[in-house]
Each structure stands twice: as structure tokens, then as C-alpha cells.
Amino acid sequence: MTGTMGFTLLAFCLPFIGAFVAPFLTRLLGHNAAWPLALIPFAVFLHFLGFNADIADGRIVTGGYMWVPSYNVSFSWLIDGLSLTFLLLISGIGTLIMLYAGGYLKGHPQQGRFFSFILMFMGAMLGLVASDSFLMLFVFWELTSITSFLLIGFDHAREASRRAALQALIVTGGGGLFLLAGLLLLWDVTDVTQFSLLMSFGPELRASPFYLAILFLMLGGAFTKSAQFPFHFWLPNAMEAPTPVSAYLHSATMVKAGVYLLMRLNPVMGGTPAWETILPAIGGLTLLVGAVLAIRQTDLKLMLAYTTVASLGLLVMLTGFGSEHAIAAAALYLVAHSLFKGALFMVAGLIDHETGTRDVTKLGGLRRAMPITFLAALLAALSMGGLPPFFGFLAKEEIYAALAGGNARAIAFTTTAVLGNALMFAVAFAVALKPFLGTAVATPKRAHEGPALLWIGPLLLAVKGLAIGVFSGLAHVLLTAPLASAIAGTPQTITISAVPHMGIALYLSLLTVAIGVFVFLKLDAARAAADRLIEDIGWGPDRGFDQAMRGLVRMATRVTRLTQPGLMEIYVTATFVVVALALLVPPAVYGEWPRAPVWPADMPFHELAVMALAALGIVAVLMASNRLTAIVALGIQGFCVAMLFLLFGAPDLAFTQFMIETLSVVILALAMTRLKLTPRDHRPLREKIPDAVIATACGVGFALYLLRVTQGRFDSALTDFFNLYSKTIAHGANVVNVIIVDFRGTDTLGEIAVVMVTGLAILSLIRIRKGRRA
Amino acid sequence: MNTLIFRTVAPFLTALMVLFSLFVLLRGHNEPGGGFIGGLIAVSALAIFGIANGIAAVRRALWFHPMAISAFGLFIACLAGLMSIFFAVPFMTGLWITPVILGVEIPLSSVMLFDTGVYLVVVGSITSIALALEAGDDA
């Protein structure tokens with residue numbers, strides 16, 4: 001068993017290792033590096049395929065290592081039907097995407113970096129769906145946001161890319177913070193940190209007063225990641241990324257992370273009125289909004305992106321609908337969607353790559369030039385449209401069987417699903433047929449079939465969609481039934497097959513196809529209608545995002561101006577006012593003033609003399625006719641204090657004080673000359689008085705504080721300890737030094753790091769001034 | 001400062017003070033002293049040199065950029081702490097060896113290396129601040 005565990009850990013690390021070597025390999029092999037690099041996800045795929053038998057038998061596999069035992073935090077994974085499906089999708093589609101990216105970005109100067117990013121993303125995504133521990137889920141969740149940021153902004157010279165990348169990061173990364181808060185609450189309520197242990201806490205969780213809070217936080221994470229309305233806007237913008245990214249992250253994997261989270265939580269959090277209201281409502285709304293917006297587009301990638309939004313809405317709707325049938329439907333649709341949407345995205349990229357445009361109105365008659373692409377597109381679209389015997393058909397039948405019912409709720413959601421599916425049907429065939437049929441149109445590049453690297457991925461995915469539909473019995477046992485069981489939390493069986501059987505589901509399917517064909521034929525009119533509708537609404541969340549960001553920047557500017565006026569006078573005044581308040585307010589509030597000190601009767605003359613000298617130094621500072629004298633006179637006072645240290649048996653302290661006093665006089669004098677201060681302080685008296693008050697308050701405060709401290713009971717435990725062990729353990733007679741470098745050495749390490757960083761900061765501040773003047 | 005006496009004496013004074021600072025650094029474990037104090041003495045030595053002969057002379061004499069010295073100090077302080085990893089004891093545990101060189105027992109330790117790191121950080125950081133301030137607008 002430990003052997004398997006080691007291999008599983010290796011499977012999680014492998015993409016990251018691959019990300020490290022990818023740039024070097026690409027420099028060596030060029031775009032052909034895709035072949036060896038594709039072996040990485042393929043190996044991961046094969047490894048997880050090995051779990052299939054166990055999972056199909058209804059078992060779950062857990063494993064992992066302790067990470068921070070004191071906080072019960074572990075690096076552990078949970079592989080059940082849900083995670084296994086995702087693992088296989090991520091690694092399987094990932095293999096094809098690597099090959100596709102090899103062809104798509106052939107000759108791109110930063111192809112190695114691209115491979116590296118996409119492998120990093122793959123590793124993050126694998127970790128996300130297999131996480132058993134809450135913290136690990138969160139870490140990988142944010143890692144997918146960060147890697148997706150890098151991938152969307154891959155073409156970072158274009159402003160649109162940068163904006164889209166930032167937008168995706170802010171929306172999904174911000175959602176991740178909701179997730180973190182939700183997970184922490186979950187931990188607090190149930191006292192467990194692992195999903196595998198959470199599963200028995202369903203009743204407690206649903207009855208908890210924090211249930212609604214947890215639900216909203218989790219939905220905040222899931223809805224932003226899975227682009228649910230009104231957070232859907234980042235997903236179409238993310239189409240700025242190279243097409244392999246769109247096909248992989250934004251259709252098959254990352255955007256499903258939110259759905260994954262909801263499915264993972266369904267057994268413990270589902271079934272409540274809140275769950276069964278919010279999820280289907282938002283999901284249904286997203287389905288309709290996404291479908292309408294998809295119709296409006298003419299760019300192949302954007303059409304697909306909006307149908308992805310719609311499909312995600314459908315998945316959320318099914319997950320929250322609250323029947324076992326709906327869960328089964330969600331399971332089927334999840335897998336089917338990943339297959340056909342991944343394929344269609346790759347087709348869109350392929351068309352773009354070979355013709356130079358992906359505007360559907362400027363394409364036509366490509367079927368002769370690109371027959372293999374046409375085949376892949378057709379197969380994928382048939383599945384997306386939900387025609388038998390494709391996988392998409394099974395999913396749609398199951399959806400309708402689940403939703404159809406007599407009550408108002410069922411009718412409302414059935415109508416939503418039919419409308420959404422019909423519009424997606426139209427878009428599917430618009431993508432798969434319009435560019436290929438009709439008369440050939442001149443395109444920016446002369447169209448011809450792409451290289452094998454490019455068509456192998458979409459073709460395989462599309463064929464898989466057909467294969468699962470035909471051999472549905474086997475697929476159900478191996479894949480979809482365990483998936484549905486994991487989502488529902490109880491064992492499920494799925495029996496639906498590609499053979500149409502009479503019933504309400506089939507009639508609804510026929511209705512969907514009929515509406516779909518109608519919209520497809522009237523696509524231009526539908527597009528104009530959708531356009532008008534959107535223009536009438538005008539304001540959208542995408543514009544809202546820009547407004548929010550602008551507002552944030554404006555607010556930050558205002559706050560900065562308020563708190564950082566840039567005048568040293570104000571900073572110094574503020575600092576010392578706070579010091580004086582901190583010293584004087586607490587004893588005043590709690591009435592803990594020190595007692596008047598007892599003046600020793602037999603004070604030796606030299607001690608008195610040193611103190612008098614110190615006082616004299618202060619007088620000299622105040623009386624000094626120019627600033628330089630004042631600075632030097634300040635040194636007198638400091639030296640006297642050092643003398644006192646020496647007299648009272650602290651040679652190390654005295655030593656340091658001497659040096660510090662010397663150096664601070666030197667550095668103050670230097671700073672003074674640099675600041676080009678006038679030799680004298682010419683301010684009128686009324687401007688000096690506030691400073692004098694603050695200075696006096698600080699001084700008095702410190703004096704009172706020190707008196708109070710020395711009047712407290714002295715606990716000599718530490719002194720005794722250090723005196724006893726300094727020589728015997730640390731081999732040093734100088735206790736002070738031994739404390740600094742040995743007993744509390746780690747503190748010192750931190751302090752010298754601070755010294756160095758402060759030095760760097762001061763150096764750069766001085767340099768900045770220089771630069772400005774020059 | 002352009003007095004001839006000061007300019008003549010400064011290099012010797014600086015050399016003596018740096019030597020003294022090393023002495024203070026090395027004796028620190030048993031007598032008053034240590035890396036921090038030693039470092040401060042070395043800084044004032046360099047300040048004297050700088051005031052007498054100009055910052056260019058100090059930079060030449062130091063050879064390295066003072067910030068690099070500081071960073072190197074932090075580096076060897078970390079290294080001194082990490083050495084314990086090879087002896088399976090916690091971070092920063094003091095390690096001692098006492099080789100006999102020319103018939104004299106010389107106790108060496110990771111603690112001493114650490115203190116040397118402290119010394120270098122202090123010398124480097126404060127010198128670089130002082131030199132930058134002293135440099136004025138021309139450098």
C-alpha cells in the first residue's frame with residue numbers, strides 16, 4: 001500500500017517537475033517537446049486509471065502524509081468517483097492539450113514557458129480535485145487561479161490580455177478567499193479538517209446556526225470559479241488566452257472546480273431549502289443568460305465560451321435540484337460537456353490557426369480543405385446538440401427525466417433547460433457547420449488541413465463522446481455511476497442508454513431539437529434580436545468590474561494622500577504623539593502611576609557628577625545657537641547615560657551605547673547637511689511650543705514608565721537560568737553575548753535581517769532623491 | 001575636513017580601530033564585546049576614514065559594496081544556523097570543535113561564525129547608509 005501511496009504522491013508532483021524541465025526540453029526539441037511532455041499527463045492518467053476497479057466497486061481510496069500534526073493539517077488525498085472522474089478528465093484531456101499546444105504554438109518564442117505554465121496548472125488542478133484536507137484544497141484552488149492568470153495573460157504584450165488575466169485573477173482569487181473563510185467555518189463547526197471525515201457530519205452541519213454563513217461563503221467561492229451569473233463576465237474575457245488554454249482551463253477543467261466543490265459538499269450541505277432554491281435559481285439564470293449571449297456572438301471562441309457559461313449554469317442547477325435523477329444527470333452532463341466542449345474549442349483554434357480568422361460570418365466551405373477538422377467538429381456538435389447515439393444525448397435524456405414533473409417548480413426548470421439546450425444546440429451547429437458548409441470564402445490565410453498535432457486532440461475527444469454513447473453500459477459501471485454515487489453520498493446506478501425510449505424525456509428532446517433547428521436557421525435574426533436586447537440593457541457586470549476597479553484606485557489614492565502626505569514633519573509628529581499617548585494614557589486610565597522614588601542618602605560623588613553632566617547636556621541642547629551644536633550636545637547626554645551603564649555593571653550595554661552615540665552624531669550631522677537645513681531654527685516661538693510639549697510628554701512618559709517597571713517585583717528566574725547555564729551549556733562567560741548569539745540566536749538572526757533590509761531601504765530612499773534631482 | 005594632521009593620522013587610526021573591532025568581536029563570548037559592538041567600532045573607524053580622505057577612498061578600501069558585505073554577513077549567519085542540520089539537532093544549535101593548531105587549543109564554533117555574520121551585517125548596512133549620506137549629490 002505504501003508503494004501505491006508513493007506513486008500517487010509522485011503523480012501529483014509529476015506535472016510540477018514537468019513544468020520545471022519543459023523550457024529546457026523545448027529549447028532542445030522545439031515544438032516536438034510536446035511529445036515527451038504529453039507523456040507526463042498520460043502517465044498520471046494511467047496511474048489513476050488503475051484505481052478504476054476499486055472505485056467502480058464502491059470503495060474510496062484515501063492516503064497522504066501529515067503536514068502540521070499540531071494543527072491536524074495534512075497533505076492527503078481522497079479518491080472517490082467524483083475525484084477520479086475529474087482526475088481522469090484533467091490528465092486525459094491534458095495529454096491531448098499538450099500535443100495540441102505543441103502544434104498550435106509551433107515556433108512561438110516562448111513555447112517552453114507556455115508548456116511550463118500549463119503543466120503547473122495541471123498539477124494544481126489535479127491537487128484541487130483530489131484534496132482531502134481543507135487547507136490543501138484552498139492552496140490548490142488559489143494555485144489554479146494564479147496559473148490561469150499566467151496563462152490568460154500569456155500574450156502579455158496586448159492590453160486586452162492583461163486586463164482579462166487580472167480580471168480572472170481578481171474574480172476567482174477573491175472567490176477563493178470566500179472559500180477559505182467557508183472552510184475555516186466548516187472546520188470550526190465540525191472539528192474535522194478532511195472531507196473524508198466530514199461526510200458523517202451532514203445532520204449536524206445542516207442544523208448548525210452557521211449553516212447559512214457557510215453556504216454563502218462556499219457559494220462565493222464556487223460561483224466565481226464556475227462563472228455563475230453575475231460573475232460570468234471573466235470567462236468570455238479569458239478567451240484572450242491562446243486556444244489550448246481556452247480548451248483546457250475554460251471548458252474542461254478549471255471552471256468546473258466550482259461545480260466540483262458544490263458536488264463535493266452536496267452530501268453534507270445539500271437537501272436544505274436554501275440549497276435547493278439558490279443553486280437551481282442561479283444556475284438556471286446563468287444557463288439562460290449564457291445561451292442568449294452565445295447566440296449574439298460571431299467569434300467562434302466567444303460563442304463557445306458563452307455556451308460554457310450556460311453549461312456550467314446547467315450543472316449548478318442540476319446539482320442543486322435535489323433528486324437522485326438530477327445528480328445522475330449532472331454526472332453524465334459533466335463528463336459529456338468536458339469531451340465535446342474541449343473538442344469544439346480545439347476545432348475553433350484549429351480553424352483560426354489555419355485560416356487566420358475565427359469570425360463565423362467570414363468563414364465558409366472549409367469542408368474540402370479541412371476534412372478531418374470537419375469530422376471532429378461534427379461529432380462534437382452532435383454530442384453537444386444531444387442527438388443519439390452520442391453521449392450528450394444520454395445526458396440530455398437524463399436531465400429531462402430528472403426535471404420533468406407536474407409541479408410549478410419542475411415546469412419552470414424544465415422550460416429553462418429546454419430553452420437553454422435549444423439555444424446551445426443552435427450554437428453547436430453554428431460552430432460545427434457554418435465554417436465548413438456553403439461556398440468557399442477567401443480567408444486571411446489559405447486554408448488547408450492542420451498538422452496531426454492539432455487535429456489528433458479534438459478528433460479523439462469527439463470520438464470518445466460517440467464511444468461512451470454507444471457503450472453506455474460499460475461507461476456507467478466504470479465511471480458515471482461511481483461519480484453520481486459520490487455526489488449523492490449514497491450508491492447510485494445509472495441505466496440510461498443510447499436507444500431512445502418513449503417518454504416525456506424523449507418528447508422534450510425532440511422539442512429541444514426542433515427549437516434548436518429553428519434558431520439555427522434563423523441565426524442572423526436571432527443574433528440581431530439578442531444584440532438589441534443586450535444593448536437595451538446597456539450596463540453589464542463587465543463594465544461594473546471596471547467601475548469597481550476605478551473606484552478602488554481612486555479610494556486608494558485618497559487614503560494614501562490622507563495618511564501619507566509626504567511631509568517628514570507630520571510623520572515625526574504623529575509618531576511621537578502616539579508614543580506619548582501610549583506611555584501616559586494607560587497609567588492614567590488604570591491609575592497605575594509609580595510611587596515617588598526614594599533618593600539614596602549615600603550617593604557617591606562620581607555618580608552625582610555624571611548625572612549632573614547629563615542634565616547639563618540637555619540644557620546645552622536647548623541653548624545651542626545652531627543645529628550642529630545641538631546635535632553634538634545631544635551626544636554629551638548619551639555618553640553620560642553610557643557612563644551610568646558602566647558604573648552599574650553593564651559593560652556590554654555601555655560599550656554599545658558609546659558606539660551608538662558616536663555614530664548617531666555622525667549620521668545626524670550628515671543627514672542635516674544633506675537635507676540642506678539652515679544652521680539655525682528660525683521658527684517663531686508659537687510654532688516651537690507644540691513640539692516642546694510633545695517632547696516633554698514623551699520624556700516624562702518614559703521616565704514614569706521606567707520608574708514603574710523598576711518598582712515591580714523582580715523575577716530573577718531568567719537571570720538565574722542564564723547565569724547557571726551560560727558557561728556550562730553554551731561555553732561562554734559573557735552572558736549578554738551568549739544570549740544574543742546562542743540562547744536567543746534566532747531572534748538575533750531576525751534582527752540582523754531587519755538591519756540589512758533597513759539599510760537597503762534607506763539606501764534606495766537616498767538614491768531616489770538623487771534620481772529626481774538629476 | 002582638510003587638516004593635514006587628521007588626514008595623515010586617519011588611516012592608521014582606522015587600521016587600529018578595525019583591528020580592535022576584530023579583537024572585540026572574537027573575545028565577545030567571554031568578555032564584554034561581540035559582533036554587534038565590534039561592528040559598530042568598525043563603522044566608526046570607516047566613518048573617520050571617510051571624513052578624512054573622502055568616500056571614494058573608503059569605497060576603494062572596502063573593495064566590495066558595503067551592502068554586499070551586509071548581505072554576505074546575513075548569509076553566513078544563516079549558514080551558521082543551518083549547520084546544525086547535518087548533526088540532526090534543532091536549527092541554531094551551537095556546535096563546537098577545538099582543534100589544536102601549533103600546540104594551542106583553539107575553540108571554534110558555529111556561534112562564532114554567527115557572531116561574525118552579525119558583525120558584517122552591522123558594518124555593511126551602517127557604512128552604506130553613512131557613505132550614501134556623505135556622498136552628497138555628486139555620487
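Tutor: The largest nonpolar core has 207 residues, a nonpolar core being a set of buried Ala, Val, Leu, Ile, Met, Phe, Trp, Tyr and Cys residues joined through C-beta atoms within 7 Å. A residue is buried if 20 or more other C-beta atoms lie within 10 Å of its own, exposed if 12 or fewer, and partly exposed in between, with C-beta atoms placed from the backbone. The residues with the most contacts inside this core are A:I118, A:L318, A:Y333, A:L344, A:A380 and A:V431. Helix 16 of chain A, residues 324–355, gives the most to this core, with 21 residues; helices (H or I, at least four residues) and strands (E, at least two) are DSSP runs, numbered from the N terminus.

This is a predicted model, in which local features need pLDDT of at least 70 and side-chain atom pairs count only at pLDDT 80 or more, while totals for chains, interfaces and linings use all residues. Residues are numbered from 1 along each chain as its sequence is written, and chains are lettered from A and ligands numbered from 1 in the order in which they are written.

Consider A:Y333 in particular. Leaving aside its neighbours within four places in sequence, A:Y333 is in contact with A:L314, A:L315, A:L318, A:A395 and A:I399, where contact requires the C-beta atoms, placed from the backbone, to lie within 7 Å. A second, separate core of 55 residues includes A:I740, A:V741, A:L749 and B:I48.

Apart from neighbours within four places in sequence, A:P458 is in contact with A:A343, A:M346, A:V347, A:L350, A:A376 and A:A380. The C-alpha atoms of A:P458 and A:P244 are separated by 11 Å, although these residues are 214 residues apart along the chain.

If residues up to four places away in sequence are not counted, A:A222 touches A:G258, A:L261 and A:L262. The C-alpha atoms of A:A222 and A:A671, 449 residues apart along the chain, are separated by 55 Å.

Helix 25 of chain A, residues 568–590, provides a contrasting case. Of its 23 residues, the number buried is 1, so helix 25 lies largely in the open. At 1.5 Å a residue, helix 25 should span 33 Å, and its end C-alpha atoms are 34 Å apart, which agrees; the expected span is 1.5 Å times one less than the number of residues. Helix 25 bends by about 25 degrees at A:L584, and a proline, A:P586, follows within four residues. The bend at a residue is the angle between axes fitted to the seven residues ending there and the seven starting there. A:G591, whose phi is positive, near 65 degrees, follows helix 25 of chain A.

The backbone of the loops also deserves attention. Most residues other than glycine have a negative phi, and most peptide bonds are trans. The peptide bond from A:F229 to A:P230 is cis, with omega near 0 degrees, and A:P230 is found in the loop between helix 10 and helix 11 of chain A. The bond from A:P388 to A:P389 is also cis, with omega near 0 degrees, and A:P389 is found in the loop between helix 17 and helix 18 of chain A. A:D191, a residue other than glycine, has a positive phi, near 70 degrees. A:D191 lies in the loop between helix 7 and helix 8 of chain A and counts as exposed, with 11 C-beta neighbours inside 10 Å.

Finally, the two chains meet in a contact that takes 41 residues from chain B and 39 residues from chain A. Helix 2, helix 4 and helix 5 of chain B each supply at least two residues of the side of chain B that touches chain A. Helix 5 of chain B gives the most to that side, with 15 residues.
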